[in-house]
Amino acid sequence: MTTIGITGASGFVGTALAARLRNSGHDVLRFVRGDATAVDAIRWEPATGSIDMAKAATLDAVVHLAGENVAAGRWSAPRMQAIRDSRGPATEKLCRSLAALRRPPVLVSASAIGFYGHRGDEVLDEGSAPGSGFLPEVAVAWERATAPLEARAARVCHLRIGMVLGKGGGALDKMVLPFRLGLGGPLGTGKQWTSWIALDDLCSAIVFLLEDQVARGDFLGVSPQPVTNRDFTKALAAALHRIAVLPVPAFALRLLFGEMAEAVLLGSQRAVPRRLLEAGFQFAHPEIGAALRSILSGSAAARS
Ligand SMILES: NC(=O)c1ccc[n+]([C@@H]2O[C@H](COP(=O)([O-])OP(=O)(O)OC[C@H]3O[C@@H](n4cnc5c(N)ncnc54)[C@H](OP(=O)(O)O)[C@@H]3O)[C@@H](O)[C@H]2O)c1
């Protein structure tokens, strides 16, 4: 049994991961902004990096998931600032505090496929260069910010996460209702590639990276089978026994969501998880149709 800290523990991924780790017999400490009096809470101020060092000294590993939600709506200037500040700067300050511990913990730090920007049909893996624009800049700064821990020779993994599919949150939660009402359809041309991962597989990949003694560096947290938005739409409609006939025009998405639509909804990343596969990680839900059927029937959520 080990003691594992989670930042962003109240979020969509953090909630599932905490349950998974506890079920596997690990002690979980939640990094909490604000009142941290609960026994399983560790005080953390992202703006300064201040943490409860006595509790932090008990940590074997930290999974860093915290950050302002990127896909929650239009990117106003203050939201873009919050997205930026809660990634690079907050991660750097957190890592400086963790690096000051006598025994720095292993770190698995979230990043995102937004790292690559808009890349059309190009097949991307961990060796592909970053893209340009807001999200790539945020992701590059986020990954570089773990340097203080790496300088202490701690084992650090960056996990570039794709669209996470699971029950109770994330992108799927927003899509299911319109599809059930027969209002779902491809976004824009539907030719853009979606790199996705089942929440269940993402939790397993994080546990895999925590337990592997040699894994370090950049990993893609995506299924080995990315799909175009058109194929994703068909698979979701089929899983819900609906037909997806209503395409959502790109101009309407741009009107509603501005720059966020361009980067997140219409952006194309065809990424494959080369390094996880080479390390021997096995996906339980590699194929989109079976993954969606399993999630929507509840069986994929059950393990998380
Ligand atoms: N879900 C996806 O499809 C997806 C795709 C790619 C990458 N990711 C990345 O994976 C990580 C986890 O994703 P998620 O879906 O679980 O995100 P989420 O549901 O939005 O949760 C993120 C958590 O971060 C904390 N947080 C929110 N705003 C913050 C701020 N301004 N400063 C510091 N902490 C803040 C909150 O936890 P507390 O209140 O407990 O602190 C929040 O619950 C995120 O960094 C996300 O960018 C997710």
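Predicted model: local features only at pLDDT ≥ 70, side-chain atom pairs only at ≥ 80, totals over all residues.
# Around the ligand, a pocket and a sheet

Trainee: How far is a backbone N or O atom of Gly11 from an oxygen atom of the ligand?
Mentor: Residues are numbered from 1 along each chain as its sequence is written, and side-chain values use heavy atoms, leaving out hydrogens and water. A polar contact is a pair of N or O atoms within 3.5 Å (within protein, one must be able to donate a hydrogen and the other to accept it, and residues adjacent in sequence count only if both atoms are side-chain atoms). For Gly11 and the ligand oxygen, the distance is 3.2 Å.

Trainee: How much of the ligand's exposed area does the protein bury?
Mentor: Areas here come from the Shrake-Rupley method with a 1.4 Å probe; for residues, only the protein chains shown count as cover. Alone, the ligand exposes 890 Å². The share buried by the protein is 79%.

Trainee: Which element gives the most to the shell around the ligand?
Mentor: The shell takes residues with a heavy atom within 4 Å of the ligand, and there are 22 of them, with Ser10, Val13, Arg33, Leu65 and Arg87 the closest. Helices (H or I, at least four residues) and strands (E, at least two) are DSSP runs, numbered from the N terminus. Helix H1 (12-23), strand S6 (106-112) and strand S9 (163-165) each give two or more residues. The top giver, with 3 residues, is S6.

Trainee: How much space lies in the second largest pocket?
Mentor: On a 1 Å grid over the protein atoms alone, a pocket is an open set of points where a 1.4 Å probe fits, with protein on both sides within 12 Å along at least five of seven lines; lining residues have an atom within 4 Å of a point. Points join across faces, edges and corners, and the volume is the space filled by probe spheres set on them. That comes to about 220 Å³.

Trainee: Which residues lining that pocket are closest to its centre?
Mentor: Helix H5 (134-144) and helix H11 (259-265) each supply at least two lining residues. Of the 15 in the lining, the closest to the centre are Gly117, His118, Ser132, Glu262 and Ala263.

Trainee: In S4, which residue is the bridge partner of Trp44?
Mentor: Strands pair if DSSP finds at least two bridges between them, and S3 (residues 41-45) runs antiparallel to S4 with 2 bridges. Trp44's partner is Ile51.
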